[in-house]
Amino acid sequence: MNRVYNFSAGPSTLPEEVLKQAADEMLDYKGCGMSVMEMSHRSKVYEEIIHNAEASLRKLMGIPENYKVLFLQGGASLQFAMVPLNLMRKSKRADYVNTGEWAKKAIKEAKRYGEVRVVGSSEEETYNHIPSLNPADFDKEADYFHITSNNTIFGTKFKNLPDTGDVPLVADMSSDILSCPVDVTKYGLIYAGAQKNMGPAGLTVVIVREDLVGHAPDTTPTMLNYKTHADAGSMFNTPPTFAVYIAGMVFDWVLAKGGLVEMEKINVRKANLLYDYLDQSKLFKGTVVKEDRSIMNIPFVTPSAELDAKFIKEAEAQGFVNLKGHRIVGGMRASIYNAMPVEGVEKLVALMKDFEARNA
Ligand SMILES: *Cc1c(COP(=O)(O)O)cnc(C)c1O
């Protein structure tokens with residue numbers, strides 16, 4: 001067996017311990033004589049799996065009692081619609097910050113349901129920073145205020161949350177959930193596709209304050225109403241059972257590592273290994289402003305597309321895969337989620353140094 005260092009932005013690398021445990025339990029989950037994939041979601045055994053997953057996530061993020069945790073499907077992309085459908089109820093207006101492709105898609109979708117104001121954008125500078133925001137510009141009557149906490153494609157992250165007062169803050173945390181501690185009480189709603197930092201694709205986690213649930217209009221499809229899933233404990237219909245099982249193990253893996261405080265320390269260490277090298281390299285350069293750098297997704301370039309391609313090819317041959325940047329940014333992108341070991345980043349930097357020595 002030969003595991004590569006996988007820098008994919010998503011679906012992405014998972015902890016080896018979790019994969020091994022899943023493999024051990026594949027044919028016979030704890031004496032049931034079947035895999036988790038094959039069991040009824042209504043069985044006692046499965047109920048325990050989903051309850052434990054929720055309990056572990058609550059513990060990990062310190063999610064208060066008055067927040068629901070929903071295990072849904074449809075990806076973060078479906079939340080682009082579910083958020084306005086469920087939350088645009090009084091003024092039918094919302095404020096959005098345009099910090100990247102995902103934010104842009106969220107904005108486009110929300111516009112189908114109500115009035116959307118973009119209160120900040122870094123689009124003209126190809127999203128190389130988080131725009132500064134002035135709370136005086138915020139709509140006090142907005143039904144919510146939406147941010148993308150970490151911009152997967154461009155590699156920027158909100159380091160300071162906008163002060164939205166009584167307007168609920170909604171965050172797409174797909175690519176930085178569980179990377180560092182968050183104060184859940186600062187948010188009305190958090191959503192994230194699992195396939196970046198939590199588990200396999202097919203599961204979307206929504207954490208929503210109770211008072212925001214139950215106000216969707218009657219025309220809302222049953223499956224798109226948060227209340228349906230909140231009332232049914234994410235069991236209105238068949239949940240993505242196997243993805244929840246794996247995510248539950250990932251939550252326990254992060255807890256065993258010391259939780260989000262420890263996770264953040266390791267993530268900062270990994271990110272700084274790469275940023276410190278980029279800052280002094282004569283060949284490789286980071287593409288975003290220092291203050292807004294992500295600790296999860298790190299884009300970088302050489303002076304030419306030819307050298308970019310050469311580096312990506314050499315890296316791949318040595319077992320460092322999925323380093324090609326998003327087509328909009330070009331160059332390279334190293335996604336270094338929780339499950340990427342420090343050693344993987346150390347070796348990547350060594351590889352880059354060697355490449356620089358031969359190509360500068
Ligand atoms: C990947 C990603 C999405 C899209 O997620 P899907 O699960 O594919 O719908 C949305 N937002 C962010 C920030 C992402 O990283």
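This is a predicted model: local features need pLDDT of at least 70, side-chain atom pairs count only at pLDDT 80 or more; totals for chains, interfaces and linings use all residues.

User: How is the chain divided into domains?

Analyst: Into domain 1, residues 16–256, and domain 2, residues 259–359. Taken over C-alpha atoms, their centres are 27 Å apart.

User: How many residues are in contact between domain 1 and domain 2?

Analyst: 25 residues of domain 1 touch 25 residues of domain 2. Together the two domains bury about 2,100 Å², with 60% of that on carbon and sulfur atoms.

User: And how many salt bridges across that interface?

Analyst: Zero by the rule used. Polar contacts between domain 1 and domain 2 come to 14 residue pairs, counting pairs with both residues at pLDDT 80 or more.

User: Which elements give two or more residues to the domain 1 side?

Analyst: Helix H2 (44–61), strand E7 (156–157) and helix H6 (241–256). H6 gives the most, with three residues.

User: Switching topic to helix H4. Which of its residues are buried?

Analyst: H4 spans residues 101–110, and its buried residues are Ala103, Ala106, Ile107 and Ala110.

User: Why do they line one face of the helix?

Analyst: Viewed down the axis of H4, the buried residues fall within an arc of 100°, so they share one face. In general, an α-helix has 3.6 residues a turn, so residues three or four places apart point the same way.

How values were computed: Residues are numbered from 1 along each chain as its sequence is written. Side-chain values use heavy atoms; hydrogens and water are left out. Buried means under 20% relative accessible area, exposed over 50%, partly exposed in between (1.4 Å probe, protein chains only). Helices (H or I, at least four residues) and strands (E, at least two) are DSSP runs, numbered from the N terminus. The arc is that of the directions from the helix axis to the C-beta atoms. Domain bounds come from an automatic or database domain assignment. Contact means heavy atoms within 4.5 Å. Buried area is the accessible area (1.4 Å probe) that two parts lose on being put together, summed over both. A salt bridge is a side-chain nitrogen of Lys or Arg within 4 Å of a carboxyl oxygen of Asp or Glu. A polar contact is a pair of N or O atoms within 3.5 Å; within protein, one must be able to donate a hydrogen and the other to accept it, and residues adjacent in sequence count only if both atoms are side-chain atoms.
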